[in-house]
Amino acid sequence: MSDNFEDVLSKIEELKVILESYDFSLPVPSDFDFNKVTRECVFKMIDNVVRIESEKESLKAFLDESDFWTAPASTKFHGNFKYGLSFHSIYVLKQALSFACPLLKNFQTCRFAKQFSITAEDIFISSLAHDFCKTDFYCIEYRNTKDITGNWVKKPMYKAKGDSRNLGHGNESVLKLIKIMPSYIDNRNVLEAVSMHMGFSDISESQTYNYSNFSQNPLVLLLQLADETAAAWFDC
């Protein structure tokens with residue numbers, strides 16, 4: 001693990017305190033400025049945990065200049081609504097921080113512990129960036145459908161843009177992350193976690209032969225658990 005494990009745990013607790021003020025109710029755009037509230041919370045955590053000042057600013061710029069705050073998380077599965085991507089991402093972060101301390105403490109007792117150095121920043125960035133592939137990826141189209149009275153109406157629905165060129169769910173997110181934060185090109189723990197966060201549902205046949213090696217990385221398993229529980233338990 002890291003040089004000072006207690007410092008990592010302490011920083012995780014700091015991030016959890018910031019999240020305590022966040023309302024994790026499903027977003028209702030007409031009720032409050034969800035975009036503003038989420039942005040303020042995420043930016044506080046960026047200021048708290050990201051160490052390189054230039055990357056702190058480039059990350060904020062990416063979030064503001066892309067459609068991260070307003071995009072859906074999918075077209076028909078979890079988070080298929082306006083703000084879905086940012087809501088899902090902050091929920092994944094909540095789950096990751098909730099599971100991190102017990103998971104890392106347990107990992108400290110295994111034979112692989114000395115091979116991996118995981119920081120609170122690693123947990124934060126992997127959680128926030130795992131679905132960066134979905135930024136600027138969706139558009140709205142209108143389809144004819146019947147309302148509850150039986151009348152035909154045009155209903156807005158999300159779909160993937162027809163001209164998208166995506167390297168794959170995890171790998172596209174990795175590419176965007178290292179363009180935003182170049183220092184992460186050398187952080188294999190985070191890159192593995194983001195690339196593999198979908199588990200067996202998003203890997204090639206050749207990757208299955210050494211998949212158990214990725215499972216030795218505690219950040220891979222932590223992000224998979226956080227992502228799956230956010231979607232399955234909390235409908236986001």
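## Helices, salt bridges and rings

Glu-53 has 47% relative accessibility, so it counts as partly exposed (buried is under 20% relative accessible area, exposed over 50%, partly exposed in between; 1.4 Å probe, protein chains only). This is a predicted model: local features need pLDDT of at least 70, side-chain atom pairs count only at pLDDT 80 or more, and totals for chains, interfaces and linings use all residues. Residues are numbered from 1 along each chain as its sequence is written, and side-chain values use heavy atoms, with hydrogens and water left out.

Glu-53 forms a salt bridge with Lys-56 (a side-chain nitrogen of Lys or Arg within 4 Å of a carboxyl oxygen of Asp or Glu). The closest N and O atoms of Lys-56 and Glu-53 are 3.6 Å apart. The two residues are three apart in helix H3, so about one helical turn separates them (helices are DSSP runs of H or I, at least four residues, and strands are runs of E, at least two, numbered from the N terminus). Lys-56 is buried, at 9% relative accessibility.

The whole structure has eight salt bridges. Another of them joins Lys-60 to Asp-47, with the closest N and O atoms 2.6 Å apart. This pair links distant parts of the chain: Lys-60 sits in H3 (residues 53–65) and Asp-47 in H2 (residues 34–49), 13 residues apart. Lys-60 is buried at 13% relative accessibility, while Asp-47 is partly exposed at 41%. Lys-134 pairs with Asp-131 at 3.3 Å between the closest N and O atoms. Here Lys-134 is buried at 7%, and Asp-131 is buried at 2%.

Next come the rings. The structure holds nine aromatic pairs (rings of Phe, Tyr and Trp, the last by its six-membered ring, with centres within 6.5 Å; planes under 30 degrees apart are stacked, over 60 edge-to-face, the rest tilted). Phe-62 and Phe-132 have ring centres 4.7 Å apart and planes at 50°, so the pair is tilted. Phe-62 lies in H3 and Phe-132 in the loop between helix H5 (120–129) and strand S1 (138–146), so the pair ties together parts 70 residues apart in sequence. Phe-62 is buried at 15%; Phe-132 is buried at 0%.

Ring pairs also link Tyr-22, Phe-24, Phe-87, Tyr-91 and Phe-234 into a cluster. Lys-94 lies over the face of Phe-24, 5.6 Å from the ring centre (NZ of Lys or CZ of Arg within 6 Å of the centre and within 35 degrees of the ring normal). Lys-94 also lies over the face of Phe-234, at 5.4 Å.

Finally, helix H4. Of its 24 residues, 17 are buried, so H4 is largely enclosed by the rest of the structure.
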